[in-house]
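Hi everyone, thanks for coming.

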Amino acid sequence: MAGLVLLSLLLTSVLLTPQQISAQQCGQVQVLKQGLIFGGTASTPGMWPWHVAVFHRESIRRTSYKCGGTIINRDTVLTAYHCVVENQRPIAAGRLVVRAGLFDLDVGGPTVQENRVFDVISPPGASARTFDDDIAILKMQTQFTYDDYVQPVCIRSERQDIGQLVGTYGTVVGWGWTEQSTTSAELRQANIPVVSAEDCLASDRNLFSQVLTTKVYCAGSRNGTSSCNGDSGGGMFFRMGGYWFLRGLTSFSAVDAKQSGICDSHGYVGYTDVAKYLDWLREQGVRYEDPLQRPGTVSKPVPSDGSTALLRLAVDPKTKKFLQQHGGNVLLRVQLNGRRVETVRGCLQYDTVPGYNETLEYFATDNFRYVGRTHNSKYIRVGMVGPTDGIIRFGKSRFPYGESVSEICLSGWANQNSEVNRHTRTSNSEYVNTPLKIQLTPNVLSKTRPMMFRLEVFDNGNVLLTKDGEKRPFLEFNDNRQRLDLDYIAFTKWNHELFYYYDCPLDTDANGVDDTVLLKCSLA
């Protein structure tokens, strides 16, 4: 029977329905994408599933929107302290209502989950007048139900100096004041850069000298795109490793001299730095997720080419009943011959990969847990899964516009050749590739199994790529015109879906060990 393959497989993992899968990780958008925001652009429903609206209950039947907030876990929301204060006095928890899954303030809809607040927790030094410790924990009366429109955000568990993010763009979202001098009914978003404390102070010394502390950072473009009235308490989010992380809470800004009580959208905005409150959050028993600190959990589906195969599974009666109940809505991690998964154990996974001409996310290799050094080289271990065109760029700069980086395209030309370029880019769409080497590497990549290798850069400019379990490199090159650095690395794609593994343990020899595949199944 042509086109059908019959295999006897040992099923070794938990089976997940799509509903269960959608709630497995923080910081993941579940709804397909088709910018509070002053000068921003419109968002889409489900695009920011952790952003919530905080309302004050004015009477039995009337509530009024006050602020934004962010879901941290099923029963916890973070917002700004001044959002839960009225006339300089804390509001009773029973007067606070949180609506998650909300896109349009005026419409609501079936995606909305409304929850009452039963407790408000704030630091002892919190002040709505000076904006000191402008952060508050809202504990819900009932738990949120995670779905496509309600999800938790991630928080980094390690302290990162905000100075490392200066110049980096984060995303702020909200229903705040717009350029049309009214609040936005629909959720909006805007991308704005973090600025240094020095630039912030220089922009408005009278304001920021009073309120800028080590627990606050500034951001903004000073071009009319900014957080504004009504955006308070909402988050500033950064995308790292394929996940969205909360870093700041919208706190304060200067007032527009021409409009009483309205923010100055051409000034910088102050954000409460959540990273400075990690110990406090732990002391309050707040649970949050940091997937970049959890090695070895790789449970997402590999890219599919749409082909179909018939598999015969040897399963117990309980598993058989489960499969019959859920029909085609299951993902299986199947283990061949009973072997264990070892190749990607301890790696971080990067699966939301930007396109070739999109802005890439560069990772600082010095921040990796696993970096090897010899007297004349630096090396890391990475991997990729996909049909063709696995593309890596590395160099000495996080934002290499105007500078050159090394670009390795593994198994291009339908998984036949690999190409190395000196890649110089002046914008997202303008670049020059200077070829350094083209080498025959047939069928290096796989659509179902990771291709893991060591990337080593020597002081003399030599670069070696060596597969796990092999001693001889399968690709070697040198750029005689410039020094090659492995300070930052980024991943991209061309026309095919791939995902990557990075920051992997260095002492794993997985040759012939990984004998697992991921399957998206439907029952015959």
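So, disulfides: counting a pair of cysteine sulfur atoms within 2.5 Å as a disulfide, we get four of them. Keep in mind that this is a predicted model, where local features need pLDDT of at least 70, side-chain atom pairs count only at pLDDT 80 or more, and totals for chains, interfaces and linings use all residues. Residues are numbered from 1 along each chain as its sequence is written, and side-chain values use heavy atoms, with hydrogens and water left out.

Let's start with C26 and C154, whose sulfurs sit 2.0 Å apart. The torsion about their S-S bond is about 105°, so this disulfide is right-handed. Both cysteines, C26 and C154, are buried; buried means under 20% relative accessible area, exposed is over 50%, and partly exposed is in between, using a 1.4 Å probe and protein chains only.

Next up is C200 with C218, at 1.9 Å from S to S. Here the torsion is about -55°, so the C200 and C218 bond is left-handed. C200 belongs to helix 2 (residues 197-203) and C218 to strand 13 (residues 216-219), so the bond links parts 18 residues apart in sequence. Helices (H or I, at least four residues) and strands (E, at least two) are DSSP runs, by the way, numbered from the N terminus. C200 has 0% relative accessibility, so it counts as buried, and C218 is buried too, at 2%.

Then there's C347 and C504, with 2.1 Å between the sulfur atoms. Their S-S torsion is about 125°, so that one is right-handed. C347 is in the loop between strand 18 (330-335) and strand 19 (348-350), while C504 is in the loop between strand 31 (499-502) and strand 32 (516-521), so the pair ties together parts 157 residues apart in sequence.

Now, the cores. A nonpolar core is a set of buried Ala, Val, Leu, Ile, Met, Phe, Trp, Tyr and Cys residues joined through side-chain atoms within 4.5 Å. Which residues have the most contacts inside the largest one? They're I71, L78, V98, L138 and L246, in a core of 54 residues. Among the elements that each supply at least two residues of this core are strand 4 (63-73), strand 15 (243-253) and helix 4 (278-283).
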